[in-house]
Amino acid sequence: PAASKYFAKSDVLSLFNDGIGFNSQLALSLPFSSIVYNNISFSSKNYCFIDATFPKALMELALYGNQQNQSYNLDINNSVNIFSEHSFGYSKSINSISIGIRIKYLQGLASGKLSSVSDNSSYFYTDSLIGFAAKAEYLITQSVGGSGIALDIGILSNKPVKGWSFGLSLSNLFARIKWDE
């Protein structure tokens with residue numbers, strides 16, 4: 001604490017006011033699953049999306065330890081979605097621009113979610129009289145199978161400016177998977 005470059009624990013903890021969150025995406029294209037001929041394309045990819053949020057209380061415990069008369073909220077919200085995307089695309093050059101469209105079929109493979117039943121439904125508490133008290137109420141939901149559609153559109157300039165080409169694309173318009181129950 002007396003060092004000149006000391007970073008207070010409270011400052012570190014304030015970085016995690018919304019909890020400890022991370023998300024990740026894994027995209028896998030299988031060999032020979034994408035084909036392009038002239039201005040027509042077909043591709044197939046598999047995706048895995050992970051979105052997880054862990055409570056701020058985990059950082060409080062790591063920085064300060066288990067303190068007496070302190071209630072630690074252990075509410076969490078995590079999800080995993082795994083799906084395949086199969087798409088058909090078409091592009092066309094018109095004068096000095098190219099336009100393209102891709103229609104996607106989204107095949108839901110698996111979906112899972114782990115979340116707290118309600119606010120403050122999962123916690124633990126330590127005091128000098130009763131010792132340790134805890135409660136954990138989580139809800140797991142899962143689905144196998146589902147389907148949906150999505151649309152990509154784009155435009156590209158065919159006249160480079162100082163070696164640069166400019167374009168604009170809108171991806172995954174109307175994307176939604178309706179999971180089977």
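Residues are numbered from 1 along each chain as its sequence is written, and side-chain values use heavy atoms, with hydrogens and water left out. Because the model is predicted, local features need pLDDT of at least 70 and side-chain atom pairs count only at pLDDT 80 or more, while totals for chains, interfaces and linings use all residues.

Begin by selecting residues 20-37, strand S1, together with residues 40-54, strand S2, which pair in the antiparallel sense over 14 bridges; strands here are DSSP runs of E with at least two residues, numbered from the N terminus, and two strands pair if DSSP finds at least two bridges between them. S1 and S2 form a hairpin with 2 residues between them, and Asn38 in the turn has a positive phi of about 55 degrees. Next, select Phe22, and you will find Ala52 of S2 standing opposite.

The ring centres of Tyr47 and Phe83 are 5.3 Å apart and their planes meet at 25 degrees, so the pair is stacked; rings of Phe, Tyr and Trp (its six-membered ring) pair if their centres lie within 6.5 Å, and planes under 30 degrees apart count as stacked, over 60 as edge-to-face and the rest as tilted. Are these residues buried or exposed? Tyr47 is buried, with a relative accessible area of 11%, and Phe83 is also buried at 11%, where buried means under 20%, exposed over 50% and partly exposed in between (1.4 Å probe, protein chains only).

Note on methods:
Helices (H or I, at least four residues) and strands (E, at least two) are DSSP runs, numbered from the N terminus.
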